[in-house]
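Subject: Structure handover

Hello,

Here is the structure to look at. Please open it first and then read the notes below.

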Amino acid sequence: MQTNFTPEQLADPHVAESEAILRKCVHCGFCTATCPTYVTLGNELDSPRGRIYLIKDMLENGRPADAEVVTHIDRCLSCLACTTTCPSGVDYMHLIDHARVHVENTYKRPLMDRLTRNVLAAVLPYPGRFRMALRLADLGRPFKGLFRRIPALKAFAAMLDLAPRRIPAQSPFAKPGLHPPQAERRGRVAILTGCAQPVLDPEINAATIRLLTRLGVEVVVPQGEVCCGSLVHHMGREEQALAAARTNVDVWIGEIEAGGLDAIIITASGCGTTIKDYGHMLRLDPSYAEKAVRVSALAKDITEYLASLDLPSHMPRGITVAYHSACSMQHGQKITMAPKLLLKAAGFTVRDPAEGHLCCGSAGTYNIMQPEISAELKARKVRNIEATRADVIATGNIGCITQIATGTGIPILHTVELLDWAYGGDMPAKLKGLQQAAA
Ligand code: SF4
Ligand code: SF4
């Protein structure tokens with residue numbers, strides 16, 4: 001694609017990067033077929049190609065974002081299906097990241113939109129505040145119907161839909177500390193505790209630590225970790241995201257220097273995509289650029305790391321698992337086979353739901369900010385999963401677990417919870433109904 005940026009504009013490294021990305025696009029439109037918003041809405045401006053044109057026009061003309069551009073950028077899930085499909089290697093992720101920062105810096109959103117975003121950015125990345133907010137959700141539930149009828153309050157109705165009625169107890173595994181190996185030592189890793197995940201489903205990190213230590217891996221839960229920053233990053237709040245990235249880089253570099261690390265284990269693929277991008281996010285900060293590259297190189301999804309441990313194979317256990325590949329797993333991190341191969345080796349029968357490339361509509365805070373599109377995508381995803389007639393759903397991202405669980409009665413777990421069970425752990429509580437099948 002031809003571009004017309006001035007030398008002055010290109011002196012800004014963010015603009016220069018976006019210009020290089022734009023030039024790679026050849027307008028072929030292959031990406032439209034796999035874009036969930038185009039597939040759902042049928043509007044070219046809600047396709048990757050349409051958004052690329054809108055962003056190009058906005059940046060090239062040095063214009064502040066306007067309501068139309070913001071509408072179509074906000075509807076993008078950042079699912080990155082377009083990057084998997086694009087034959088020209090267009091780096092849409094960094095282009096939309098830049099566009100979101102531009103929107104945040106140049107566009108004044110309507111009052112309720114601003115308020116909702118401020119609440120989400122102030123609550124979700126902080127486990128204590130998030131837990132408190134979930135407790136308060138009980139007070140808001142009676143007003144959910146009312147909120148849904150008032151357009152400005154729809155996001156609050158969506159939050160109440162997603163808030164679980166029972167908040168799990170805090171896990172001792174969430175506390176900073178060292179978990180020694182229980183077999184011959186074969187590695188040392190740090191684990192990202194996370195923000196929303198340990199509140200919504202503390203069993204995920206608990207199962208990870210139990211499994212790894214049983215396999216001979218020492219696991220450290222470092223003191224001082226914070227949210228990876230992806231929630232605010234996708235809102236265009238660059239400074240808040242970079243501050244989170246710097247804090248985590250300091251924590252993990254400290255651990256590398258103190259005891260050495262073979263990997264930084266991440267159990268939410270949305271976080272994994274962002275942490276693997278820290279090297280890029282902090283590339284212009286001379287104090288952090290090199291350290292961030294080291295951290296990104298060590299970041300591993302739990303299934304990536306387990307695949308390197310050469311686990312033994314088990315006999316079939318008579319349980320069929322529908323594997324839902326989170327967008328951040330398959331498109332963001334390009335991890336497609338490891339989770340399924342691990343499940344198969346552990347004795348599960350694995351099925352791939354149709355249209356596996358399409359997002360479930362969770363996408364960070366998307367299911368709160370864009371509840372209608374999100375609901376359509378969820379219904380489509382659930383239809384495809386239920387058609388597999390699986391006993392269980394497995395996936396690698398807490399956002400997908402929360403989203404899909406509100407649409408189906410099939411139990412949905414993190415892949416590592418099934419693997420922990422298969423390799424010597426207790427049966428996950430969510431699967432008690434399957435006890436007979438497993439016997
Ligand atoms: S990131 Fe997803 S929703 Fe956004 S343009 Fe690409 S395919 Fe479409
Ligand atoms: S597939 Fe790639 S090159 Fe083709 S229109 Fe989409 S982004 Fe551009």
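**The strands**

Strand β3 (residues 217-221) is mostly covered, with 4 of its 5 residues buried. Helices (H or I, at least four residues) and strands (E, at least two) are DSSP runs, numbered from the N terminus. A residue is buried if 20 or more other C-beta atoms lie within 10 Å of its own, exposed if 12 or fewer, and partly exposed in between, with C-beta atoms placed from the backbone. This is a predicted model, in which local features need pLDDT of at least 70 and side-chain atom pairs count only at pLDDT 80 or more, while totals for chains, interfaces and linings use all residues. Residues are numbered from 1 along each chain as its sequence is written, and chains are lettered from A and ligands numbered from 1 in the order in which they are written.

Leucine 178 has valine 220 of β3 as its bridge partner, and valine 189 has valine 219 of β3. In a regular strand, side chains alternate between the two faces of the sheet.

Helix α8 (residues 111-123) has 13 residues, which at 1.5 Å a residue should span 18 Å, and its end C-alpha atoms are 18 Å apart, in agreement. The expected span is 1.5 Å times one less than the number of residues.

Which residues of α8 are buried? They are Thr116, Arg117 and Leu120. These residues cover an arc of only 95° around the axis, so they are on the same side of α8. The arc is that of the directions from the helix axis to the C-beta atoms. On the other side of α8, Leu111, Arg114 and Asn118 are exposed. The cover over the buried residues of α8 includes α11 (154-162) and α22 (366-369).

In α11, the buried residues are Ala155, Phe156, Ala158 and Met159. Seen down the axis, they fall within an arc of 155°, so they line one face of α11. What covers them includes α8, α9 (127-140), α10 (144-149), α22 and α23 (371-386).

Asparagine 367 lies in helix α22. Asparagine 367 is buried because 26 other C-beta atoms lie within 10 Å. Leaving out residues up to four places away in sequence, asparagine 367 touches Ala158, Leu162, Gly361, Ser362, Ser374 and Gln403. Contact means that the C-beta atoms of two residues, placed from the backbone, lie within 7 Å.

**The two ligands**

Of the 13 residues around ligand 1, Cys35, Pro48, Cys76, Cys79 and Cys82 come nearest. A residue counts as near a molecule or strand if its C-beta atom, placed from the backbone, lies within 6 Å of it. Two or more residues of the shell around ligand 1 come from each of α3 (36-41), α4 and α6. This shell divides into 10 nonpolar, 2 polar and 1 charged residues. Ala, Val, Leu, Ile, Met, Phe, Trp, Tyr, Cys and Pro count as nonpolar, Asp, Glu, Lys and Arg as charged, and the others, Gly among them, as polar.

Around ligand 2 there are 15 residues, of which Cys25, Cys28, Cys31, Cys86 and Val90 come nearest. The elements giving two or more residues to this shell are α4 (48-60) and α6 (81-85). Helix α4 gives the most to the shell around ligand 2, with 3 residues.

Regards

Definitions and conventions:
Two strands pair if DSSP finds at least two bridges between them.
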